[in-house]
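My entries follow in the order I looked things up.

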Amino acid sequence: MALLEATGVTGGYGGADILSDLNLTLSAEEIVVIVGPNGAGKSTFMKAVFGLVTIRQGSIAFDGRDITNMKPETVVTRGVCYVPQERNVFPSMSVEENLEMGAFIRKDDWRPQMQRIYDLFPRLAERKRQPVGQMSGGERQMVAMGRALMLEPKLLLLDEPTAGLSPKFIDETFRQVKRVNEFGVGILMVEQNAKQALAIADRGYVFANGQNRFDDTGAGLLANKEIAEMFLGG
Amino acid sequence: MTDLLQLVIYGIVTGSILALGAIGVSLVFSILRFAHFAHGDLMTIGAYGGLIGVSLAGLSPLASIPIAVALAVVVALAAEYLLYRPLRTGSHTVILLISSFGLALILRSAVQLIAGPAPMVYRSGIQLPMRFGDIIIRPDHFWIIGGTIAIIIALHLFLTYTKFGKAMRAMADNMDLARISGIPAYRMIMLTWVIAAALAAVAGVFLGMDTRLHPVMGWRLLLPVFAAAILGGIGRPYGAIVGGFVIGISMEVSTMFIDPGYKHAVAFALLVLMLIVRPTGLFKGASI
Amino acid sequence: MELSGLAGYLVFFLSTVSIYAILALGLNVQWGMTGQINIGIAGFFAVGAYTSAILTSAPNIEHVGGYALPFLIGVVAAIIVSSLIALLIGAITVNLRSDYLAIATIGIAEIIRFVFQNEDWLSHGVRGIADIPRPFYDGHGSGYVFLAVALVSVALTYFLVERARQAPWGRVLRAIRDNEDATEAAGKDVRRFRLQAFVFGSALMGFAGALYAHFIGFISPDAFEPVFATFIVWAMLIAGGSGNNKGAILGAIVVWLVWSGTETLVARLPAEFATQASSARVLLVGVLLEIVLLTRPQGILPEQQPKLIARKKK
């Protein structure tokens, strides 16, 4: 059974629909990447999954239960965590406090999970007390992902995690995404660095103008000449 | 020299009161993104709430603080529930400012309606002052300064070490991300009002102990309170504390050189200077 | 008052409403059209009143002024001085969030009131300035002359403000209010437009102040408490319809009717409540303002604007 199943999703921010009749599925422990030109509705779709965009038609189910137009505060309790592209950390707070905020709704002991995140991102372990606002873009991205992982989600939504990073950090970020996935977390990721992202993806979707254009395995999309020319920059 | 020292002590007393008010203004601004114009009048409510305990139950002003706090918190939560929350959906935050200005007038006239326009005191007669050489300190001043320090420490511990305190800072830092993380925004907003109103109430009682009670007492203090909050970088509670003391001491010390009536002009001048030189405040507050 | 009965009351009512209507129109330029918050209306109102009073009243050895200059010179001076103060405040705050302007304006208003209260040499302190002449004719029946002056003033102000609103200038102001970034990107000097709007609005408030001084004939700092000169004007504009100049005038009429209506109402209360009566009236107007904000934020007459520009909501 699919972990995430979006059927005929149509909607947007109030006025005009940005998304029209989008379909997407993601099985447990899969990495699914959405690529496409600017304005294709990739990020908007992701926000729609998380309840930040109004869905007018269609539905989204997670883990067999309907989450269409559910509030973000509720979606998060179902095991979906979201890392926005920008403003995805609490800048005046320390690394440790950022992670702790990620665990805000947990009633059980989250210390072991925090330790796992430090193991995953050793660089963060070295700087637990440092305010995140003083850290580099790559380090902030780690904090952002770490915060989202504190709830031990079944699905992690990543909105352009490598945007604005240097090539070295881009590679590192993709490796970390892959490792997070190996812990059993499903990943839905929107990416501009389409080739690298598809290389680690199980499956990929190409969106254009708020609609589905193609979907295939990551390798399949990469091998498709037409797609490569149109969407992956040759 | 002793004159200066004496004025600095008065300045610390005034600064304590301003700091308590400015922390609340700053907290409200950082989380709700508007300048709360009814904050001075929440202080007035607190001061008169204290008077209930003093005159009806015969308590000391300090022992009446819980009554003052309860009254101000009820008023603030009622305002949140009846005015600010409905206005937050779909309006720009400046509408909240205007609504809070309206509330300021409502509160002030309600106090005047119930307690009358004449000034009142918590206790008549003169307190025996303590002398340290040529410096005179009233026992009340000790309570005001000590109480403020205790409250600031408690607030610091709350914001640094408790789950909800940290969540409040998270809300101030990045409201959207706080929501995404599952932090219950509405409960945090209520908590913000409880804390801000409680601090305002204590400030009001302290102000009543320092001088007299009057329906306009809080409104008159609104300008220096805002000046303190802006000086500290609006949205930064810690900055507001420093801002409160800087404004308070400047206001009192200025009376050595100019008509005491222009104390407020001093606060205003510092505010204007700050807006020109460094609008984000001494401690780089919320983006403008 | 030399007039009696209903005619007298009507003249008084219309004159007062005219002055408030000019204040509301001034605030409409700032808030309604540009989105600027001025909590210091009383300050500009007072500056206008005192400027004209000092220049036009008869000599008095106890304070400066008493130049016995003509009414028109007093009015022009009132407009100039209030504009200069607005220019100063505006220059400091135009770049900042409107919250800062709001805070700065209560500051300036409190200080202005304090100056007039304390500086005896300038304003005769709490004793105020008396015997300010009525415009043009100061004898029997001058109330009618004043009313004519007041009505002409409102008409002139309305004409000016409405022209400004419909002109490209007014459209830029609305554009700034609704989407500052986009307006800036379109190459408009947002700072300059904001400053112009703030000064224009404040100049009108100064003008209203001058009229007030010549209407009442006596001014003292008490008349410039924020309740009377700031709060009520806000209530008028919000109730009448922010952004709509007809609404500003209508709001002045309606709120003044409520305000003076409550006066007759509280006058019937037992004597022991008399001192508290005015606070009951403020309370009532405050509640009215909140109810309008909650239930009909666009006011009685909503703003009319081209359909294309949707008002940005946050």
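**Chain B: fold and size**

I started with contacts in chain B between residues at least 6 apart in sequence; 77% of them join residues at least 24 apart. I note that this is a predicted model.

Next I went through the secondary structure. Chain B has eleven helices and two strands. Read from the N terminus, the order is α-α-α-α-β-β-α-α-α-α-α-α-α.

Then I checked dimensions. The C-alpha trace of chain B spans about 60 × 45 × 35 Å along its principal axes.

**Where chain B meets chain A**

I listed the contact residues. Chain A puts in 18 residues and chain B 14 residues. On the chain B side, α6 (163-173) and α7 (175-180) each supply at least two residues. α6(B) gives the most to that side, with five residues. Sorted by class, the side of chain B that touches chain A holds six nonpolar, five charged and three polar residues.

**The largest nonpolar core**

Which residues touch the most other members of this core? I found Leu157(A), Ala72(B), Ala24(C) and Phe45(C), out of 278 residues. Helix α9 (residues 190-216) of chain C brings the largest share, 15 residues.

I followed up Phe45(C). Leaving out residues up to four places away in sequence, Phe45(C) touches Leu23(C), Met205(C), Ala208(C), Gly209(C), Tyr212(C), Phe224(C) and Ala229(C).

Conventions. Residues are numbered from 1 along each chain as its sequence is written. Chains are lettered from A and ligands numbered from 1 in the order in which they are written. This is a predicted model: local features need pLDDT of at least 70, side-chain atom pairs count only at pLDDT 80 or more; totals for chains, interfaces and linings use all residues. Two residues are in contact if their C-beta atoms, placed from the backbone, lie within 7 Å. Helices (H or I, at least four residues) and strands (E, at least two) are DSSP runs, numbered from the N terminus. Ala, Val, Leu, Ile, Met, Phe, Trp, Tyr, Cys and Pro count as nonpolar, Asp, Glu, Lys and Arg as charged, and the others, Gly among them, as polar. A nonpolar core is a set of buried Ala, Val, Leu, Ile, Met, Phe, Trp, Tyr and Cys residues joined through C-beta atoms within 7 Å. A residue is buried if 20 or more other C-beta atoms lie within 10 Å of its own, exposed if 12 or fewer, and partly exposed in between; C-beta atoms are placed from the backbone.
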